[in-house]
Amino acid sequence: MKFDWISWGTWSLAALVFIIWIIQTTREFRDIFREKGKQSK
Amino acid sequence: MTPIDYTIVGVILVMIFGAGAFFYKWIGNPEDMQVAGRAVPPFILAATMAATNICLYNFVGYAGTAYKYGISIIWHEWTGMMALVFSGLFVLPIYRRLRISTIPEYLEERYHKSFRALIGFLWVFRLAAWMGVILYAAVVVMQHLTGVPTYSLWIIILAILAIIYTLMGGQWAVVMTNTFQFLILLLAGLIILPIALNAVGWLPGLIEKLPSINMALVPQKGPFNWLFIIAIWFLGMQWATTDQGLLQSALGARDVKSVVKGLVYAGIIMTPIAYLTVAPGLAASIINPGLANPDAATPSLMLTLLPTGLLGLILAGLLASQMSTISANLNACATLFTNDIYRNLFKREPTPGTTVRVQRIIIAIAGAFMIAFSFAVPHLGGAVSAYLTVIGIMDMPLFIVGIVYGLLWKRATWQGAIIGYLAGAVAGYIGFRLGYHFGMFTLFSASAALVVTFIVSLLTPRTDPEKLKKIWALRTVSEEEKKAKGAYHIIPISTGGRLSLIIFGIGLIMFLVGIFMGAGALKLAAPIATTGMIVYFLGGFLRLQFD
């Protein structure tokens, strides 16, 4: 069977989004929690 | 479903509720409740918008439509994403500079407070209708996966869960947990796609086994044909520029640059994800043909193909996404009511405590409307048909009046706007009742709004020039941006910015040419339209790299 470039390509893009988003949102969450921590002190 | 699956679902839901309860203490004032204190950074913003947008409606509604009619429903999402990028580049910077909490607030700034109150009032029902569609989708999933078919039981359970969750943490809970839910849902999609496609021989298998009309990306005929794509693209523009449920998160962005980035990123990332929701529907039409309710395509596929444990995880992801969409929209309803109606009714500024209290009461009332509408969805032809009917009638005229005339034609008056909006909605409703195609009754509502607003505006006194000056000034960089050194020019001043905008425009033209070629059943229609869309996104992405 021929390799399904479209499906795997789309899947890889979505997987890449998943990984980038985990890294970036973790960073942004960390900053927000730090900021809120400072405010509560 | 096995006890292990139920346990996984329970644990994830408890975690989400825990997060909602945690953010309860962050609600100090109405801005925290409504727009998360205007402190949301770009990636979290994009994820929360993606979670509000990619939800059960896609996994159930899109998959169900793909199951019955084929792949072209994917344009529902793709055109929406194109519109989101457009809105981020050209419209949202204006809203953010206005520092508004609701879209009707903009309508007051541009037109009049009566138009704001009218749209604020209508939109509480409009959003409740959308939430009813989401709730219906969640019920279809639960009915099929648990084997408990009682419709009303599931409606009540799922609605109460979402209402309590929103009451707890306001927009902070929406923003924070949406991010988490978006990631679970994306993971669910990443798992379902290869399993489903593997079972049918991947894309070549789909092409071989399904009728060619079902695999046509820009079909000439059928309810989801080229005309549908044009209509849904127009409606996507409306959605991305005036939908309170979607944009409330964007209005909470940290600054203008964050809102532009948030929307453009969200648009681009959600485009491949659309395939993750549509392809399982196509696979289900081969694996489980003849389902009485096509909206059950993905749940039936999950039951057939997913092993224990994974089923629970994916169900939790789907339920979480339903909660995130409903909570964002419930919060939007409440914000609309408190800002656009409550303040006007009582003619005085409520205390912050009162605003938060009223907000919570409205969340409960809007929740009740949502439950009522969810019972009407099956009678309107399922998730996608019900939603399209509502937006074709109510949303299209708002786009014409609020954005097209509101931002481009100074002569448009508030009387023209109100009468034009109502004329558009009535024309759309008549077209729907007469049984016209969705694309046609959307065209009726747009045309009526275009013509009537134009005529009535010319017959009524001009808008106060000071009011117009304020809105038109928002097209340029604000003092706040200059100070923060994060200036964003809607019309770029650098060569790179202009070039990226040209690429963006070429992409848009290619997309439109491709779709219109679909009317003649030309072979190149789909490749040209999709290439156009990719070029359009590329232009949008490059635009972010310049002023």
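The structure is a predicted model.

Helix H16 of chain B runs over residues 383-394 and has twelve residues. From its first C-alpha to its last it reaches 17 Å, close to the 16 Å expected at 1.5 Å a residue. The helix is mostly covered, with eleven of its twelve residues buried. The buried residues begin with B:Ala383 and B:Val384, and they include the run from B:Ala386 through B:Tyr387, B:Leu388, B:Thr389, B:Val390, B:Ile391, B:Gly392 and B:Ile393 to B:Met394.

**Aromatic contacts**

Over all chains, the structure holds 27 aromatic pairs. In one of them, the rings of B:Phe86 and B:Phe90 have centres 5.0 Å apart and planes at 45°, so the pair is tilted. The two residues belong to helix H5 (residues 74-98) of chain B, where they are four residues apart and therefore separated by about one helical turn. An α-helix has 3.6 residues a turn, so residues three or four places apart point the same way. B:Phe86 is partly exposed at 23% relative accessibility, whereas B:Phe90 is buried, with a relative accessible area of 17%.

Another aromatic pair joins B:Phe432 and B:Phe441. It is edge-to-face, at 5.7 Å centre to centre and 70° between the planes. B:Phe432 is partly exposed at 24% relative accessibility, and B:Phe441 is buried at 3%.

The two pairs are set out below.

| Pair | Centre distance | Plane angle | Class |
|---|---|---|---|
| B:Phe86 and B:Phe90 | 5.0 Å | 45° | tilted |
| B:Phe432 and B:Phe441 | 5.7 Å | 70° | edge-to-face |

B:Phe432 and B:Phe441 also belong to one aromatic cluster, together with B:Tyr69, B:Phe224, B:Phe228, B:Tyr429 and B:Phe438.

A charged side chain also meets a ring in this chain: B:Arg110 lies over the face of B:Tyr111, at 4.5 Å from the ring centre.

**Surface patch**

Which residues form a nonpolar patch on the surface? They are B:Leu450, B:Val451, B:Phe454, B:Ile455, B:Leu458 and B:Leu459, and together they have about 560 Å² of accessible area. One of these residues, B:Leu458, is placed in helix H19 (residues 438-459) of chain B. At 44% relative accessibility, B:Leu458 is partly exposed, because that class lies between the 20% limit for buried and the 50% limit for exposed.

Key: Residues are numbered from 1 along each chain as its sequence is written. Chains are lettered from A and ligands numbered from 1 in the order in which they are written. This is a predicted model: local features need pLDDT of at least 70, side-chain atom pairs count only at pLDDT 80 or more; totals for chains, interfaces and linings use all residues. Side-chain values use heavy atoms; hydrogens and water are left out. The expected span of a helix is 1.5 Å times one less than its number of residues. Buried means under 20% relative accessible area, exposed over 50%, partly exposed in between (1.4 Å probe, protein chains only). Rings of Phe, Tyr and Trp (its six-membered ring) pair if their centres lie within 6.5 Å; planes under 30 degrees apart count as stacked, over 60 as edge-to-face and the rest as tilted. A charge sits over a ring if NZ of Lys or CZ of Arg is within 6 Å of the ring centre and within 35 degrees of the ring normal. Patches are made of residues with over 30% relative accessible area and no salt bridge: like charges are joined within 9 Å, nonpolar side chains (Val, Leu, Ile, Met, Phe, Trp, Tyr) within 5 Å. Accessible areas come from the Shrake-Rupley method with a 1.4 Å probe; for residues, only the protein chains shown count as cover. A salt bridge is a side-chain nitrogen of Lys or Arg within 4 Å of a carboxyl oxygen of Asp or Glu.
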